[in-house]
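Trainee: I am new to this structure and would like to go through it step by step. Could we begin with the confidence of the model and then turn to the ligand and the helices?

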Amino acid sequence: MIKTGSILIAALVLAGAATASTTQMRGAELVSANGCRGCHVIGEDGGSIGPSLNGLSERMSPEMIKAQLINPKTINPNSFMPSFVDLPEEDMTALVNYLSELK
Ligand code: HEC
């Protein structure tokens, strides 16, 4: 019984690690595919037209990040950041999760 339990826990831990790295990979892909670094520093590099997105979760909730991506003008009426409203829901979720994890 104890053995089964620890195998189960090990499996859950592994599954968790796999999910986290999948988010990281998909998020990084989406950032490149959508040209976010043209305007934002993410990690080590990027442009300075918009604010750096490192440490984003300290100032924005996932809901706020999503709102910014869907319609940047809701937060700043004069925003010229393009809208990413056309991203499939799955990609939007991966992107928001990735951005929320940036240190
Ligand atoms: C053409 C330049 C441009 C591109 C491309 C762009 N942004 Fe932005 N973004 C901005 C600017 C400028 C701001 C500052 C606030 C505003 O004007 O909306 C901003 C703000 C943000 C914010 C709010 C940050 C804060 O600290 O207030 C987030 C989150 C964000 N952008 C994410 C992204 C992501 C993710 C992508 C790619 C999918 C992206 N942006 C692409 C220009 C851009």
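This is a predicted model: local features need pLDDT of at least 70, side-chain atom pairs count only at pLDDT 80 or more; totals for chains, interfaces and linings use all residues.

Trainee: Which element of the protein chain has the lowest mean pLDDT?

Mentor: The mean pLDDT of the elements reaches its highest value, 98, in strand β1 (residues 41–42). At the other end, with a mean of 80, stands helix α1 (residues 2–33).

Trainee: Which helix supplies the largest share of the shell around the ligand?

Mentor: The ligand has 24 residues around it, of which C36, C39, G50, S79 and M81 come nearest, and the shell divides into 15 nonpolar, eight polar and one charged. Two helices, α2 (62–70) and α3 (89–100), each supply at least two residues of this shell. The largest share, three residues, comes from α2.

Trainee: Are α2 and α3 parallel, perpendicular or oblique to each other?

Mentor: Their axes lie 10 Å apart, and the two helices pack at an angle of about 125°, with α2 passing α3 in a right-handed crossing. The contact is made by P62, I65, K66 and L69 of α2 together with M92, L95, V96, L99 and S100 of α3, and these residues divide into seven nonpolar, one polar and one charged. Angles of 65 to 115 degrees count as roughly perpendicular and those over 145 as roughly antiparallel, so α2 and α3 are oblique.

Technical notes: Residues are numbered from 1 along each chain as its sequence is written. A residue is near a molecule or strand if its C-beta atom, placed from the backbone, lies within 6 Å of it. Helices (H or I, at least four residues) and strands (E, at least two) are DSSP runs, numbered from the N terminus. Ala, Val, Leu, Ile, Met, Phe, Trp, Tyr, Cys and Pro count as nonpolar, Asp, Glu, Lys and Arg as charged, and the others, Gly among them, as polar. pLDDT is the predictor's confidence in each residue, from 0 to 100. Axes are lines fitted to C-alpha atoms, for helices over the stretch in contact, and angles run from 0 to 180 degrees between N-to-C directions. Angles under 35 degrees count as roughly parallel, over 145 as roughly antiparallel, 65 to 115 as roughly perpendicular and the rest as oblique. A crossing is left-handed if the near helix is turned anticlockwise from the far one by less than a right angle, and right-handed if clockwise. Two residues are in contact if their C-beta atoms, placed from the backbone, lie within 7 Å.
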